[in-house]
Amino acid sequence: MPSATNKNTANWLARWYFNQYPPHVWADQHGQRQVHLVFAGFSPLVEALLCQYAKISPYKDFAPPVFTLLDQNAEAHRQALIARYPVFANGRTGAEQVITGLYALKCDTDCHLEAVQLVDIPVTAVLCCAADADWNARCAINLREALPQDVPYYVYQAHAGAAVLPAGLIPFGMEEQVHDQVQIAAVERNARAVHEAYRQTLLLTDPEAVATSESLKPWEELAETYREANRRAGDHFAVKLASLGYVPEPGKPLVLDENFRLDEPPARRELLSRLEHRSWRYERLLNGWRYAKVRDNERKLHPSLVLWEALSASERDKDVNQMETVRRVLS
């Protein structure tokens, strides 16, 4: 597999990483109610990880996540990200909020910190993600002297023999991990199921649309832009299940028991609807969409880019009904 300096590879690796190491589950188990990820070094992989987790972060009643960039040029990287994704700017609230904050922390060439000034939110995980595997290893070792040691440290390596890591540092991104066809199929399977569920629903209600719409073609013929939308929904499906206490085994195909209900009791139905709308809204906002009373795909305008409370009852129910169809497809 090519290096994660390649954008497409970085996007895939980001999806794979959060499927393997869901930070919201770790945070929940350790009494945190918000995910705070610290990224050491900067690369296309860091950008991909930020965007991927922002899209799939809605979990239980957690607040939107916090991201901290740690690098010699951390502030410049932060400004570059905000220029590409304006919704990453601090201070956004309401229907325009995607994250709680994006912060920058300067360090020296080997990630030594003279004075730690992290935002006052507990750290959930530290990810060392520069292109240089040896630097990542040195960085993780040095950071443990300044940052909390009881959180997981993930070190991007690309190759298993790139560096010998001390105990407690978790390598990720090796070819033998992310090039495994079984794991690739497991990550992609949910996205395909979401798309097939959508097609099945429309076959019952509007079969003509299935025959003519570009977005309703079989997966093998589907344009990449539509595949990406399904991937967001598929990747977030596991996060929704974790919100209900069902944590899928990483890297394994997701199979739900027939007795596992997504639509009952009513409180569960409402939670799932809220989570799906937030995730969908976050992706749209990251991709440059804005609210408008009338939808305009060319101008990226959509009337549903509002808080869940402002949605109609039919719009709220639509998300959960779709998830039930996904469950049937997966089963």
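Predicted model: local features only at pLDDT ≥ 70, side-chain atom pairs only at ≥ 80, totals over all residues.
By class, 5 charged, 3 nonpolar and 2 polar residues make up the lining of the second largest pocket. The space in the second largest pocket comes to about 260 Å³. Its lining counts 10 residues, and those nearest the centre are Asn8, Trp12, Glu224, Glu228 and Arg231. Helix 1, helix 7 and helix 9 each supply two or more residues to this lining, with helix 1 giving the most, 4 residues.

The largest pocket holds about 1900 Å³ of space. Here 50 residues form the lining, and Ala229, Asn230, Trp280, Glu283 and Arg284 lie nearest the centre. Two or more lining residues come from each of helix 1 (7–20), helix 3 (44–56), helix 7 (181–205), helix 9 (224–243), helix 10 (266–286) and helix 11 (313–330). Sorted by class, the lining of the largest pocket has 19 nonpolar, 16 charged and 15 polar residues.

Is Gln32 buried or exposed? Its relative accessible area is 10%, and because that value is under the 20% cut-off, Gln32 counts as buried. What surrounds Gln32, apart from its neighbours within four places in sequence? The residues in contact with Gln32 are Trp26, Ala27, Phe62, Pro122, Val123 and Thr124. With one of these, Thr124, the side chain of Gln32 also makes a side-chain to side-chain polar contact of 2.6 Å.

Conventions. Residues numbered from 1 in each chain as written. Heavy atoms only, no water. Buried < 20%, exposed > 50% of the residue type's maximum accessible area, 1.4 Å probe, protein only. Polar contact = N/O pair within 3.5 Å; in protein donor to acceptor, adjacent residues only side chain to side chain. Contact = heavy atoms within 4.5 Å. 1 Å grid on protein atoms, 1.4 Å probe; cavity = no way out; pocket = protein on both sides within 12 Å on 5 of 7 lines; lining within 4 Å. Points joined across faces, edges and corners; volume = space filled by probe spheres on them. Nonpolar A, V, L, I, M, F, W, Y, C, P; charged D, E, K, R; others polar.
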